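I opened my notebook for a first look at this structure. Here is what I looked up, entry by entry.

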Amino acid sequence: MVTRMAIDASSPVRNWRGLGPALPALVLLALFFVIPVVSLLLRSVLEPQPGLQNYAELFATSTYARVFYNTFLVASVVTAVSLALGYPVAWLLAIMPQGRANLVMAIILISMWTNLLARTYAWMVLLQRTGVINTTLMKLGLIGEPLALVKNLTGVTIGMTYIMLPFVILPLYASIRALDPTTLQAAALCGAGRWQAFRRVLLPLSAPGAAAGGLMVFVMSLGYFVTPALLGGASHMMLAEMIAQLVQSLLNWGLGSAAAFVLLTVTLALYAVQIRFFGGMR
């Protein structure tokens with residue numbers, strides 16, 4: 001009895017000692033995440049004077065509201081298009097012979113590892129009025145004059161979908177590969193067509209991968225800077241570019257911190273929703 005009480009009394013000590021190997025990581029997390037986030041929050045409510053005026057201005061000004069609208073619109077469209085394109089690619093990777101699947105996977109990974117700025121400039125060359133896409137369409141007689149594909153939300157969506165697509169394909173591929181092939185065979189034997197098998201079998205079973213990939217793409221799209229700045233222009237500004245201008249050009253640290261904290265809050269909320277609905281699924 002006494003021995004058991006002594007063991008129970010010492011268990012918190014053992015738990016704290018068990019954190020020893022993780023201490024460097026915890027210190028690093030505190031220095032480069034917790035402290036900056038707390039500093040961000042303090043700046044948003046203390047500068048230029050204590051209060052919530054920065055948040056009030058952020059949501060009451062039509063210009064800033066438009067930036068939020070652009071940001072969430074582009075993030076939503078990019079996520080939806082990436083999921084729509086990612087499903088067939090992930091499915092093909094799962095059913096391809098291993099050699100071909102490895103080749104396609106290598107191409108996808110190479111596209112991820114290519115410099116982001118180089119990829120964005122490549123899309124600027126392709127999408128401009130005298131670029132390859134407009135020139136080809138005009139030679140084929142499909143259009144009479146060049147399409148406006150850059151300096152607008154269309155260009156931002158195209159460029160960001162290309163960049164984000166691998167982040168959907170990889171988790172979807174992992175989810176589909178983990179499925180038992182006999183499940184779809186059983187659905188076919190029961191009379192289910194291809195669309196029914198996809199909607200009622202494959203889609204629910206691969207939902208965790210789709211949720212993980214969709215959340216990753218949506219969150220990354222909310223905070224993207226380079227591609228929207230180059231393909232969108234000032235009239236179609238997104239939140240990350242606005243924060244950079246507020247801090248670097250206008251030196252409005254209070255308003256910039258408020259915008260950044262709102263972005264962080266939305267990100268954490270989306271992550272909590274994903275954990276709540278998909279965290280326990282396998």
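Which helix does S111 lie in? I found S111 in helix α5; helices here are DSSP runs of H or I with at least four residues, numbered from the N terminus.

A note on my source: this is a predicted model, where local features need pLDDT of at least 70, side-chain atom pairs count only at pLDDT 80 or more, and totals for chains, interfaces and linings use all residues. Residues are numbered from 1 along each chain as its sequence is written, and side-chain values use heavy atoms, with hydrogens and water left out.

**S111.** Is S111 buried or exposed? I noted S111 as buried, because its relative accessible area is 15% (buried means under 20%, exposed over 50%, partly exposed in between, with a 1.4 Å probe and protein chains only). Leaving out residues up to four places away in sequence, S111 touches R119, Y162 and P166 (contact means heavy atoms within 4.5 Å).

**T71.** Next I looked up T71, which sits in helix α4. T71 counts as buried because its relative accessibility is 0%. I saw its side chain reach the backbone nitrogen of L239 at 2.8 Å.

**The cores.** I then turned to the largest nonpolar core, which has 30 residues (a set of buried Ala, Val, Leu, Ile, Met, Phe, Trp, Tyr and Cys residues joined through side-chain atoms within 4.5 Å). V74, L93 and M160 touch the most other members. Helix α8 gives the most to this core, with 11 residues. Apart from it I found another core, of 20 residues, including L58 and V247.

Definitions and conventions:
Helix = DSSP H or I, 4+ residues; strand = E, 2+ residues; numbered from the N terminus. Polar contact = N/O pair within 3.5 Å; in protein donor to acceptor, adjacent residues only side chain to side chain.
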